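Subject: Handing over the structure

Dear colleague,

I am passing on the structure that we spoke of, together with some notes for someone who is opening it for the first time. Please look through it before reading further.

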Amino acid sequence: MLEAQNLEMKYKNKLAVDNVNLYIEKGESVGLLGPNGAGKSTTISMISTLLPPTKGTVKYNGKDIFDKPESIRPFLGVVPQEIALYDELSALENLTFFGKIHGLRGQVLKDKIQKVLELVELTDRKKDAVKNYSGGMKRRINLAVALLHDPEILIMDEPTVGIDPQSRNYILDMVKKLNKEKKLTILYTSHYMEEVEKLCDRIYIMDHGQIVASGTNEELKSILTNEETIEVSVNVHDDHFTECLMNNQSINQITKEENGYRLIVSKSEELLVKLFEYAKCSNIVITGIQIKKPTLEDVFLHLTGKKLRD
Amino acid sequence: MFNLLKKDLLTLSKNKSEMIELLLTPFLLISILGFALGNLMNNTSSPIETGKIGIVNQQNYEEDLSRLEEDLENENIPKETMKNLLDSSVSIDPINQLKTFLRSDEIKEIMEVKDFDDIKSAEKALENDEIQGIIEIPKEFSYITWRNVLFEDKATTNFDLKVQDKSQLNAVVLESLLNSFVEEYNLQSSIAMTDKEKVNLDNSNNNGKMINISTEDPVNSFQYYTIGMGVFFAFSTGTIIAARSYREKEQHVFARIMLTNTSPNTYLLSKLLSGTILTFLQLGIIFIFSTLIFGTFGGKDVSFWINMMIITFIYSLLIGSITSLLTSLSLRSNSASNVGFFSSFTAALAFLGGSFTPVETFSESIKTIGNWTPNGAVLTSYLQIMLGFDLIEVMPLLIRVIAMMGIFVIIAIYVFPKRRLN
């Protein structure tokens, strides 16, 4: 349905997006996962026709969208990372304005406004100025504006940034519902892997402007089938203990955490014994050990050498 | 387009701080400057002090009239016709008319007339600064003038004007007054002697610069600062709308608008029209409230208000064009610095344009530069209308403003980003 081919965006001498290839099938929910500055927003800007790429193209149903951008725009609903609304105006005034410039008029416009207000559960606050809304409410009305003209594809650029967990879950549930019940195609970017894990059928992992891995949640985790994650809690961090961990060939990745260490290791029964030996030598006490299945976070760490929120 | 316009008006009307900046601040400044600089303004807006002029009349009127009568008799003109011609000649006597003119109420306000018996005593008074000029009427002045009118004699006569310093304002005014008189006299005498169409008096000696002496009241401080602050704060309308455009881009509202397939040119035009409409409303509100509270333009006739509306409309279009240019520049450069720079630059424009003080008090060159600033040209246009000038007389300045507007719009269209819309 929508396919990005060899997308490249160069700002002066810096490659913000480097040879990105991705596709989205109708009704699919696709995640674009990556840390801040990975190039997700630039990629989304190109896919939504706002930014012509320096190389490559985007095709919608086989047609290059940059040949005639205005033909694809009615099918797109874009939710920017920012609250793209007039905060002096009420939700109703914002919806009316954007509805009208979408060409909606009269009763049709009124019905659409009513429908999206009900969807985001802001009907009773529709006359309040947006600036008086909470962060979560602003995010909801930001989403409502993008849904006003019944788009086929909903492109969301980190739509839950800066809001409380309850509001985030509300938005995620709503997007999931739109995808499952209304068959809305979704392209969702985030640096919260749990959001992408919960919401998306397929995931593209992006770093330094490139797609470093892609696949379903399980496919991505299978990258680490021969590995597991061990979280080691210690009474105190110790340099000698850290050095012992670094010298162990079975340990592929070490992340120092508040109460200990997070290790990505090759599956090995001997390693647990070794960990206790290192602790004894270093005069520290291991207060807890947890062996976990790899998460997307671990996959990302494995692929890029850094955490998603670095 | 209408929706974009309505949105701009709606968002601005809901922002108290911006409304205060656009309406309340100029009004406060009008009040402060109007009261505080009232005296200074009254002096500067009426720089002509009452001058004194001496008249030395060398002719013998009775003798001239007798000679004319003799000439008419020699022409064998019927008695009744002759009587009529003599009556007409007396009525168009240039010296009587000149004296009546110089002693009229309007001229009295700027020029006091003093009669001298001989040229020497007048020249002495001129040297002693008791008078600023002498009008010397030569012998046979009336006679030659009558002959010229009645018999189409080629001989002409003229009166002499002596002034201390030709560049002095009073001297310029005096020369202009005499020029005006001569032109008016020739016209009136031609009408009086309906069978004569010739213009008779030679005013070649009166080579002073022609200036218009307005019979309107001088511009007072409230009028001046209502206009001055109005044109200055109109810039704020432009910068506020342009700054909002930049915020629209920063918050991706602009991108959202573009995704509705609104054309970039429509968006730009909406900014131009928003700037125009809001400036027109802003100036209208300032003028009306200033009149209601301070009586600024009270008692002016309909034609005055029509002319003011025309100038206001042209200036509003200019501010609209500046708005569109600033919008294009800030969207293009991805920075609000252009708007910020222009905001600080407006203070310099306001000074040069005379919004804070009449710049002609500094120098003629600053005034010339000021009239090349958009606000200065419009300020001068408003002031001239208030002084009773016709719209056609201020048209060169307004054409200058329209030309600036055209240039700004062309640059705005050229600079506006058409491909990178995020």
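Below are the findings, taken chain by chain and then at the contact between the chains.

Please keep in mind throughout that this is a predicted model.

Chain B

The secondary structure of chain B amounts to 18 helices and four strands, and of its 422 residues 41% are buried. If one takes the contacts in chain B between residues at least 6 apart in sequence, 80% of them join residues that are at least 24 apart. An unreviewed UniProt entry lists residues 20-41, 222-243, 277-298, 304-327, 339-357 and 397-416 of chain B under "transmembrane region".

Chain A

In chain A, four strands form an open sheet in the order β2-β1-β4-β5, with antiparallel pairing; its edge strands are β2 (14-24) and β5 (63-64) of chain A, each of which pairs on one side only. Within this sheet, β1 (residues 2-11) of chain A is joined to β2(A) by seven bridges in the antiparallel sense, and A:Leu7 stands opposite A:Val20 of β2(A). Helix α1 (residues 40-47) of chain A lies across β1, β2 and β4 (55-60) of chain A, and runs at about 120° to β1(A).

Further along chain A, strand β11 (residues 227-234) pairs with two strands that are described here in turn. Seven bridges connect β11(A) with β13 (residues 260-266) of chain A in an antiparallel arrangement, where A:Val232 stands opposite A:Tyr261 of β13(A). Six bridges connect β11(A) with β14 (residues 286-292) of chain A, again antiparallel, and there A:Thr229 has A:Lys292 of β14(A) as its bridge partner.

Where the chains meet

The contact between the chains takes 21 residues from chain B and 23 residues from chain A. On the side of chain B that touches chain A, α1 (2-13) and α12 (253-258) of chain B each supply at least two residues, and α12(B) gives the most, with five residues. Sorted by kind, the residues on that side of chain B comprise seven nonpolar, nine polar and five charged.

With best wishes

Note on methods: Residues numbered from 1 in each chain as written. Chains lettered and ligands numbered in written order. Predicted model: local features only at pLDDT ≥ 70, side-chain atom pairs only at ≥ 80, totals over all residues. UniProt positions renumbered as here; feature names shortened; annotations may be inferred. Pairing = 2+ DSSP bridges. Contact = placed C-beta atoms within 7 Å. Axes fitted to C-alpha atoms, helices over the stretch in contact; angles between N-to-C directions. Buried ≥ 20, exposed ≤ 12 C-beta atoms within 10 Å, placed from the backbone. Nonpolar A, V, L, I, M, F, W, Y, C, P; charged D, E, K, R; others polar.
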